[in-house]
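Work through the exercises below with the structure in view. Each task is followed by its solution.

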Amino acid sequence: MDNKIRNTINRYDMLRKGDTVVVGLSGGADSVALLHILLSLREEYCLTLFACHINHNLRGEESDRDEAFVKNLCESLSVPLEAVSINVKEQVSPHESLEETARKLRYREFQRICTEKAAKLATAHTASDNAETVLINMLRGTGTKGLSGIPPVRDNIIRPLIRCSREEIEGYCEKNSLTFVTDSSNLTNDYTRNKIRHNIIPLLKEINPSFIGAAARMTAIVGDDADYLEECAAEKAKECLIDGKYDSKALKALPKALKCRIIASALKEKGVEPSTLRINRCEEIIEKGMGKVNLCKNRFAYVRKKKFYIAEEIQNYRNKTT
């Protein structure tokens, strides 16, 4: 497993000498193993290590137990820790699940700390997490990006364990006498990921005992393809861009794989979340050579005078009276 982690770090250029790294430390087996591994590499890479624990306050006494465990662990290892307490339930919006809100708030705090310390964030996602994510994305309907799974590196986030299975991590903890805590919510079938973890993955392993490894190989291959297409799309976007708007005729002539990526990028730049429906509707007006599409509140896509662009337009609605 040590070789696998080193190969992953080197392949994706995760660590450089002198890096400051904040470890997202839940107290579970994966994150404890990650901290232990980075400590073993600290001298080699001249790393400055910190840990961050987020208490979501979702499991009562168990959440407090996890925080206490992490504090004791970091104290015993002389690793500086920042423990953050957030009340997720108070901040759930009507359009988000509890899981989504917890993740958003967790990463917000991680990034705040990393910004303060000019650090990279190391998270303990594994090949098992990656396989589960791919299956979730498939159930929702996805393209190559979704089939790429969890990226090994994204912006300042690194995932050194992304090619290691959960079983390998647990074996590593046993071999190195590492103690950890178990999140009881992971043992239920209350969440989609848990249903896949407890019911679907075991069935797939019956068919192919090496399913986790096979999924990791697939995501690496698809990820490389997706990255290449993104690079091609970025180059073509520059060629099509004129004074902040896209030449709609040039866009129309592009292969769909590049055209849809350029549209998605244009949506993101204007603060609109790309979706298959929005991308397809933009593509329709590009094909027609004219039109207007309401993307979301006060955001529209236009094709006018042979130019495609996204713009804000404030809509004034009068109340009808009878």
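The model is predicted: local features need pLDDT of at least 70, side-chain atom pairs count only at pLDDT 80 or more, and totals for chains, interfaces and linings use all residues. Residues are numbered from 1 along each chain as its sequence is written, and side-chain values use heavy atoms, without hydrogens and water.

**Exercise 1.** Find how helix 5 and helix 9 cross, and which residues make the contact.

Helices are DSSP runs (H or I, at least four residues), numbered from the N terminus. The axes, lines fitted to C-alpha atoms over the stretch in contact, with angles from 0 to 180 degrees between N-to-C directions, come within 9 Å for helix 5 (residues 127-140) and helix 9 (residues 211-240) and cross at roughly 70 degrees. Helix 5 is therefore roughly perpendicular to helix 9, a label for angles of 65 to 115 degrees. Contact means heavy atoms within 4.5 Å. Helix 5 contributes Ala127, Ser128, Asn130, Ala131, Val134 and Leu135, and helix 9 contributes Phe211, Ile212, Ala215, Ala216, Met218 and Thr219.

**Exercise 2.** Determine which side chain of opposite charge is nearest to Asp30.

Asp30 lies in helix 2 (residues 29-45).

**Exercise 3.** Decide whether Ser248 is buried or exposed.

Ser248 is in helix 10 (residues 248-253). Ser248 counts as buried because its relative accessibility is 5%.

Definitions and conventions. Helix = DSSP H or I, 4+ residues; strand = E, 2+ residues; numbered from the N terminus. Parallel < 35°, antiparallel > 145°, perpendicular 65-115°, else oblique. Buried < 20%, exposed > 50% of the residue type's maximum accessible area, 1.4 Å probe, protein only. Lys, Arg positive; Asp, Glu negative; His and termini not counted. Salt bridge = Lys/Arg side-chain N within 4 Å of Asp/Glu carboxyl O.
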